[in-house]
Amino acid sequence: MAVHELNAEGLNCPLPILKAKKALKAVPQGEILHIRSTDPGSVADFAAFCNQTGNELVSSSTEGDIYKFEIKRA
Amino acid sequence: MLDTDSQGGGDNAKSMSLIVTKGTLDWAYPPFILATTAAAMDIKVTMFFTFYGLPLLNKNLDLKISSLGNPAMKMPMMGMHMAMPNIVSAIPGVDRMATTMMKNLIKKKGVASIPDLRDAAVDLDVKMIGCQMTMDLFEYGTEDMIDGIEIGGAATYMEIAAKSDINLYI
C-alpha cells in the first residue's frame, strides 16, 4: 500500500482544505491521506470537511507547531 | 458513497449560491474562499457576478484595495495596527502603495492569491455566471472574460437560488 502524504505547511485557509481535496482524488478508497499543516484553523476545518464529505478523520494531533491529520478516503 | 471526483455527490448534495458585488482585492476573498471550500466539500456552487463584482471574471485581474472610508482596515505596521486617515487615503499613489503592502502580506502569510483561488474554483466546477446587464452597462464582452463562464440575468440567478440550500450576498 502506497503512503499518501500532503504537506500543507505554511499555507493558510482555505488552501489546506483545497489541497487535501485534490490529494484525496489520488487516494484509493479506504486508504489514508497523511496531512501536515501549520494553520491552527485547519484543526476545526478538517473535522468539518470530513463531517460534510463523509471521509473519515482517523486522527488529528499536534506536534510542536505542526498539526497532523489522517483522513481515510470514503 | 460520495463522489469525490467531481462536486455534487449525487442528487442529495447541498447547494450554495453567491451574489458577488464587490471587486476590490480584499472583498474578492470572501466569495472565492467560500465557493472553493464549499465545492471541495461536495457542495454545488454557483457564483453570480454583478456590478463591481463582474470584473473578477476578467481574463486579466488587476485588483486593488482602497483604504478610503474604511477605518476598519488596520494594517500591521511597526509592531502595531495602523488605520489610514481619509485625507491620506485620498493622496494619489496611496492606494497603489496600500495594494502592494496587502499583496506582500498575503504572500508572507501563505494566503492564496485571487487568481489561484479563481483557478481552483474553475477546477472544482464552480458555476460562474456574469450579469448580462452589468456587461452592457460597463461595456464588457465575453472576450474580456475567462472561458467557461455563463452569462445570465436576475431570473437566471433566482431560479438557481430558489433551489439552493445556502444563498449569500457579498
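**Close-up views of a predicted two-chain model**

**View 1. Helix H1 of chain B meets helix H4 of chain B.** Phe32(B), Ile33(B), Ala35(B), Thr36(B) and Ala39(B) in H1(B) meet Ile114(B), Leu117(B), Arg118(B), Ala120(B) and Ala121(B) in H4(B). Contact here requires C-beta atoms, placed from the backbone, within 7 Å. By class, eight nonpolar, one polar and one charged residues make up the contact of H1(B) with H4(B). Nonpolar covers Ala, Val, Leu, Ile, Met, Phe, Trp, Tyr, Cys and Pro; charged covers Asp, Glu, Lys and Arg; the others, Gly among them, are polar. This is a predicted model: local features need pLDDT of at least 70, side-chain atom pairs count only at pLDDT 80 or more, and totals for chains, interfaces and linings use all residues. Residues are numbered from 1 along each chain as its sequence is written, with chains lettered from A and ligands numbered from 1 in the order in which they are written.

**View 2. Crossing of H1(B) and H4(B).** The axes of H1(B) (residues 29-40) and H4(B) (residues 114-123) come within 9 Å and cross at roughly 35 degrees. Axes are lines fitted to C-alpha atoms, for helices over the stretch in contact; angles run from 0 to 180 degrees between N-to-C directions. The crossing of H1(B) with H4(B) is left-handed, meaning that the near helix is turned anticlockwise from the far one by less than a right angle. Helices (H or I, at least four residues) and strands (E, at least two) are DSSP runs, numbered from the N terminus.

**View 3. The open sheet of chain B.** Five strands, all in parallel pairing, take the order S6-S5-S2-S1-S7 in chain B. S6(B) (150-152) and S7(B) (166-169) stand at the edges, each with a single partner strand, so one side of each has no neighbour in the sheet. From one strand to the next, the twist averages 20 degrees. Strands count as paired if DSSP finds at least two bridges between them.

**View 4. The S1-S2 pair of chain B and its covering helix.** S1(B) (residues 15-20) and S2(B) (residues 44-49) pair in the parallel sense over six bridges. Val20(B) stands opposite Phe49(B) in S2(B). Helix H6(B) (residues 154-163) packs on the sheet and touches S1, S2, S5 (127-131), S6 and S7 of chain B. The direction of H6(B) makes about 145 degrees with that of S1(B).

**View 5. Chain A where it touches chain B.** 15 residues of chain A are in contact with 15 residues of chain B. On the chain A side, H1(A) (15-25) and H2(A) (42-53) are the elements giving two or more residues. H1(A) gives the largest share, six residues. The classes on this side of chain A are eight nonpolar, five polar and two charged residues.

**View 6. The S3-S4 hairpin of chain A.** S3(A) (residues 56-63) and S4(A) (residues 66-72) run antiparallel, joined by seven bridges. Thr62(A) has Tyr67(A) in S4(A) as its bridge partner. Two residues lie between the strands of this hairpin, and Gly64(A) in the turn has a positive phi of about 65 degrees. Of the eight residues of S3(A), zero are buried, so S3(A) lies largely in the open. Buried means 20 or more other C-beta atoms within 10 Å of a residue's own; exposed means 12 or fewer, and partly exposed lies in between, with C-beta atoms placed from the backbone.

**View 7. Asn7(A) in strand S1 of chain A.** Asn7(A) sits in S1(A) (residues 4-8). Asn7(A) is partly exposed, with 15 other C-beta atoms within 10 Å.

How values were computed. Two residues are in contact if their C-beta atoms, placed from the backbone, lie within 7 Å.
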